[in-house]
Amino acid sequence: MADKLIIFDTTLRDGEQSPGASMTRDEKLRIARQLERLKVDVIEAGFAASSNGDFEAVQLIANSIKDSTICSLSRANDRDISRAAEALKGAKRARIHTFIATSALHMEKKLRMTPDQVFEQAKQSVRFARNLVEDIEFSPEDGYRSDMDFLCRVIEAVIAEGATTINVPDTVGYAIPELYGTFIKTLRERIPNSNKAIWSVHCHNDLGMAVANSLAGVKIGGARQVECTINGLGERAGNCSLEEIVMAVKTRQDYFGLEMGIDTRHILAASRMVSQTTGFVVQPNKAVVGANAFAHASGIHQDGVLKARDTYEIMRAEDVGWSANKIVLGKLSGRNAFKQRLQELGVQLESEGDINAAFTRFKELADRKSEIFDEDILALVSDESIGHENEKYGFVSLSQHSETGERPRASIVFTVDGKEVSGSSEGNGPVDASLKAIEVHAKSGAEMVLYSVNAISGSTESQGEVTVRLQNSGRVVNGVGADPDIVVASAKAYLSALNKLCSKADRVAAQG
Ligand code: KIV
Ligand code: ZN
């Protein structure tokens, strides 16, 4: 039987650390449920000690998800570890992931600790954690840039204290595939008790090699856990992308010879959900989940694919959640057809109430747009307002007037704590006027640091998906809105960002 490769998803922890990608507790739970559908082995739900919000999110996910192991990150100190254990109490399977930096640079400049102090603290922390939870992962932060002899000494000691997984982070994305693979191999060969732990890879994408490095860690180094995020979300250039690593190992089973538990048909829905929630748009040519990933534009390719699909396709689009059914839904489509398409797209809504809400939106959209594509449906069900009735701001209606040579004007009606208010304003353009009309009441004082519009399904008939990034008092949040009218989509995105600004608490960063 082939070895198993453990898929450890850290979208909700390392991915969320990306400025602007912060998520609310409920958003995290929705994504965790999608990760459970994907059959991810381990979900790193957050960093419980970093804030009350993160503690509650880890706790909620631990109490709700039963099929995946739930993990919390924790610095290597008793307080953080106790908080993690407390948040994980309700989990069917819990893991504490504790870390401390081991590179000379990090120890001296960041921690201001000697190697001996770091060694003692690593050992002591794993011993402490092991008394609370059986499944303990240890990461030497900046491991790849650490001295090999020192790293061997630390890892041998933490395995002796009971660490069950050893993760070797390339924290700054400095590694080269062959060198990283060999680094893991050497560690495993030199550490006498290395066979008592599962080895894991955790690669950042600063040089665009996170997936390649992780694969080398698996193939050359013998790692049997990969840490990754949906869409490669993460700080700076991001983390190793789940969809790419999973499809590489699956498509090249002949080379890797590894089994995974992942149900790949849920990949696309997970990708859409993460992109909608964070506002981090997926580039069209992104492997596996980009809009063009399975589109054959050149005549020669189209001809080849029609004659024999595998002339130009190495994966089946359906296997990652793109619908094989090309019938486009429209206003005559009923609830059953809609529900079936959701199933084909790998989307499972939480309750009948959520399905009804999504179906109502579908009908509203179908009245305004003759053909509803899969991308529209995915945007519709990822819409942040489903299941978020209790938020402070809600969109109601908008009208705007713009004419060449005149200054555009917009009037908007929206709810504040359930009560309707209206505002009007002029602006440089209709979008600017609409957002200024919101600010007449909201008075958020937030600065807009990003505004982007993306056509969901390509043409001018498409829905516009707008991302707005706001910054206020050092906090950065994203809001996303979709509508065939991009001015309305912009207003929805803006209100969604304001909701996030008023709902989040500050927190400590993992690498801070
Ligand atoms: O990149 C990194 O080093 C990390 C650790 C906290 C595991 O994310
Ligand atoms: Zn990381």
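The model is a predicted one. Asparagine 231 has a positive phi of about 60 degrees, although it is not a glycine. Its relative accessibility is 16%, and because the limit for a buried residue is under 20%, asparagine 231 counts as buried.

A second residue of this kind is aspartate 417, whose phi is also positive, at about 50 degrees, although aspartate 417 is not a glycine. Aspartate 417 is exposed, with a relative accessible area of 57%.

Three strands, in the order E11-E12-E13, form an open sheet with antiparallel pairing. Strand E11 (393-401) and strand E13 stand at the edges; each has a single partner strand, so one side of each is left without a neighbour in the sheet. From one strand to the next, the twist averages 15 degrees. Strands E11 and E12 run antiparallel and are joined by 8 bridges. Within this pairing, leucine 398 has isoleucine 412 in E12 as its bridge partner.

Helices accompany this sheet. Helix H17 (residues 430-442) lies across E11, E12 and E13, and runs at about 130 degrees to E13. Helix H18 also packs on the sheet, where it touches E11 and E12, and its direction makes about 150 degrees with that of E11.

Helix H18 leads on to another sheet. Spanning residues 486-501, H18 lies across E14, E15 and E16, and runs at about 145 degrees to E16. These 3 strands form an open sheet in the order E14-E15-E16, paired in the antiparallel sense. Strand E14 (447-455) and strand E16 (475-483) are the edge strands, each with a single partner strand, so one side of each has no neighbour in the sheet. Here the twist averages 15 degrees from one strand to the next. Strand E15 (residues 464-472) pairs with E16 over 9 bridges, in the antiparallel sense. Glutamine 471 stands opposite valine 476 in E16.

Which residues of helix H4 (residues 78-87) are buried? They are Asp80, Ile81, Ala84, Ala85 and Ala87. Seen down the axis of H4, these buried residues fall within an arc of 165 degrees, so they line one face of the helix. The elements against which they pack are helix H3 (52-64), strand E4 (69-75), strand E5 (94-101) and helix H6 (115-130). At the start of H4, a side-chain oxygen of asparagine 77 comes within 3.2 Å of the backbone nitrogen of arginine 79.

The zinc ion (ligand 2) is coordinated by Asp14 through OD, and by His202 and His204 through NE2, at 2.0 to 2.1 Å. Along the sequence, the donor residues of this zinc ion follow the spacing D-x187-H-x1-H. Are histidine 202 and histidine 204 buried or exposed? Both histidine 202 and histidine 204 are buried.

Key. Residues are numbered from 1 along each chain as its sequence is written. Chains are lettered from A and ligands numbered from 1 in the order in which they are written. This is a predicted model: local features need pLDDT of at least 70, side-chain atom pairs count only at pLDDT 80 or more; totals for chains, interfaces and linings use all residues. Side-chain values use heavy atoms; hydrogens and water are left out. Two strands pair if DSSP finds at least two bridges between them. Helices (H or I, at least four residues) and strands (E, at least two) are DSSP runs, numbered from the N terminus. Axes are lines fitted to C-alpha atoms, for helices over the stretch in contact, and angles run from 0 to 180 degrees between N-to-C directions. Contact means heavy atoms within 4.5 Å. Donors are N, O and S atoms within 2.8 Å of the metal (3.2 Å for Na, K and Ca); water is not among the atoms, so sites may look incomplete. Buried means under 20% relative accessible area, exposed over 50%, partly exposed in between (1.4 Å probe, protein chains only). The arc is that of the directions from the helix axis to the C-beta atoms. A polar contact is a pair of N or O atoms within 3.5 Å; within protein, one must be able to donate a hydrogen and the other to accept it, and residues adjacent in sequence count only if both atoms are side-chain atoms.
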